[in-house]
Amino acid sequence: MRRAAVVVAAGAMAVSLAACGSAKESDGGSSKSSGSEKKGDDIKVGLLLPENQTARYEKFDRPLIEKKVAELTNNKGKVVYANAKQDASLQSQQVDTMITNKVDVLILDAVDAAAIKSSVQKAKDAGIPVVAYDRLAQGPIDAYTSFDNVTVGKTQGEALLEALGDKAKSGKIVMMNGSSTDPNAAQFKQGAHEVLDGKVDIGKEYDTKEWKPENANSNMEGAISALGKKNIVGVYSANDGMAGGIITALKAAGIKVPVTGQDAELAGVQRIVAGEQYMSVYKPYAPEADAAAEMAVALAQGKSLDSIAKDKVDSPTTKGVPSILVEVTSLTQDNIQDTVVKDGVYTVDEICTAQYKKACDKIGLK
């Protein structure tokens, strides 16, 4: 059986992103908390996540961060949580609330990386360090953890080319990118284009508002109408949620072509099992969540990040941000057992429900 697993190292991006700056060039590059008073284990960690439509945030990120903070603080540290529900204005208000509540550090996954800049500055002015989580927020952030997002896009593009084979130039592909307010989406798109440009013909390309599956579904219906259902040979989808909306539109039109994804959501994994979706990008949430918690606790306690964050990343506003970048894997039918099942993300029973039992048996997932 053909193996499609591609594990990629994240360090390369960190080196290239940091080439133009160093920690000395910005206050945000400081490896110590901006607070002058060192604290013990009795700390308050503010956790702001961007939305609750994507399954990962409530199922994985939040509980993993809470668990790690507890471990690092002998169960004395407290996580104060809020979800912005894809509302940038609400998230700004939530930052204000966290400042009022005098949290010792913020872990922030921005709805809109640029719009949150002034809120990050407010936190900084209040002596509260900010860890940018998953998305590189603008403003004077103190630390950052995520995945190598350009490589995520490359991994998706490479998988799509593999699925297309000698049919890559026989028709048009549709590119369904993420939200224009998410800097990760731009990096996924960049990586995908680096792989796909010149090797496929891109018939239609969209930036999908708020990453919503229903918007991806509408965009896909428009692409089918514009290009003709016989002319579409594949779809680049930036994540699994959108892939679900895309595949619904494709099915309605009687089209079956390779579709990519990201996040290894349960529904996405089941579509891969069933052969409806070609791949997803598996991003192990535990290492990312652990990294955020470890940096946040260290910053809250006034400790250096030098031994924790080995990489440096530049944002549009801050140079040399201490960072931890996590590896990703291309998830296909061939390696479900060795990735999401082995890592305990899902059990075989969760994946192989009655609807998918025959498909699981066919690919040997038991």
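**Close-up 1. Phe188 and its ring partner in the predicted model.** Phe188 is buried, with a relative accessible area of 3%, where buried means under 20% relative accessible area with a 1.4 Å probe and protein chains only. The ring of Phe188 forms an aromatic pair with that of Trp211, 6.3 Å centre to centre and with 70° between the planes, which is edge-to-face; rings of Phe, Tyr and Trp (its six-membered ring) pair if their centres lie within 6.5 Å, and planes over 60 degrees apart count as edge-to-face, under 30 as stacked and the rest as tilted. Trp211 is likewise buried, at a relative accessible area of 9%. This is a predicted model, in which local features need pLDDT of at least 70 and side-chain atom pairs count only at pLDDT 80 or more, whereas totals for chains, interfaces and linings use all residues. Residues are numbered from 1 along each chain as its sequence is written, and side-chain values use heavy atoms, with hydrogens and water left out.

**Close-up 2. The surroundings of helix α6.** The buried residues of α6, among them Phe188 and His193, pack against β6 (143-147), α5 (149-164), β7 (172-177), β8 and β9 (232-237), with contact meaning heavy atoms within 4.5 Å. Helices (H or I, at least four residues) and strands (E, at least two) are DSSP runs, numbered from the N terminus. After α6 comes Gly198, whose phi is positive, near 90°.

**Close-up 3. The pair of Phe60 and Tyr346.** The centres of these two rings lie 6.2 Å apart and their planes stand at 75°, so the pair is edge-to-face.

Methods. Buried < 20%, exposed > 50% of the residue type's maximum accessible area, 1.4 Å probe, protein only.
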